[in-house]
Amino acid sequence: MEQTQTHYNCLNCGRSETDIPLVALRYASNQAWICSQCLPTLIHQPERLTGKLAGAENFPAGQHHDH
């Protein structure tokens with residue numbers, strides 16, 4: 001029996017898990033992957049993921065706190 005190997009890619013930049021660490025996320029019963037360098041985009045500028053992650057345009061941006 002032949003095994004197929006699944007490779008995952010960042011939903012934003014498209015880099016593979018063999019190139020950069022990926023973080024799994026779930027939203028609205030769907031799973032996606034985002035790389036460690038694109039994670040700040042999800043947190044601070046989620047609207048930039050519109051068309052790449054369903055509903056991203058509706059996510060609130062993370063608040064910045066000055067210390």
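**Rings, burial and core**

Biologist: Why is Trp33 called partly exposed?

Modeller: Trp33 has a relative accessible area of 21%, and partly exposed is the range between buried (under 20%) and exposed (over 50%), taken with a 1.4 Å probe and protein chains only, so Trp33 counts as partly exposed. Please keep in mind that this is a predicted model, where local features need pLDDT of at least 70 and side-chain atom pairs count only at pLDDT 80 or more, while totals for chains, interfaces and linings use all residues. Residues are numbered from 1 along each chain as its sequence is written, and side-chain values use heavy atoms, with hydrogens and water left out.

Biologist: What makes Thr41 buried, and where is Thr41 found?

Modeller: Thr41 has 12% relative accessibility, and it is therefore counted as buried; this residue is found in helix 1. Leaving out residues up to four places away in sequence, Thr41 touches Asn12, Pro46, Arg48 and Leu49, where a contact means heavy atoms within 4.5 Å.

Biologist: How many aromatic pairs are there, and what makes the pair of Tyr8 and Trp33 tilted?

Modeller: A search of the whole structure gives two aromatic pairs. Rings of Phe, Tyr and Trp (its six-membered ring) pair if their centres lie within 6.5 Å, with planes under 30 degrees apart counted as stacked, over 60 as edge-to-face and the rest as tilted. Tyr8 and Trp33 are 4.5 Å apart centre to centre with 35° between the planes, and the pair is tilted. Tyr8 belongs to the segment before strand 1 and Trp33 to strand 2, so this pair ties together parts that are 25 residues apart in sequence.

Biologist: Why is the pair of Tyr27 and Phe59 called edge-to-face?

Modeller: The ring centres of Tyr27 and Phe59 are 4.8 Å apart and their planes stand at 80°, so the pair is edge-to-face. Tyr27 is in strand 1, whereas Phe59 is in the segment after helix 1 (39-44), and so the pair ties together parts that are 32 residues apart in sequence.

Biologist: What makes a group of residues a nonpolar core, and which residues form the largest one?

Modeller: A nonpolar core is a set of buried Ala, Val, Leu, Ile, Met, Phe, Trp, Tyr and Cys residues joined through side-chain atoms within 4.5 Å. The largest here has 12 residues, among them Cys10, Leu11, Ile34 and Leu49. Strand 1 (22-27) and strand 2 (30-35) each supply at least two of its residues, helices being DSSP runs of H or I with at least four residues and strands runs of E with at least two, numbered from the N terminus.
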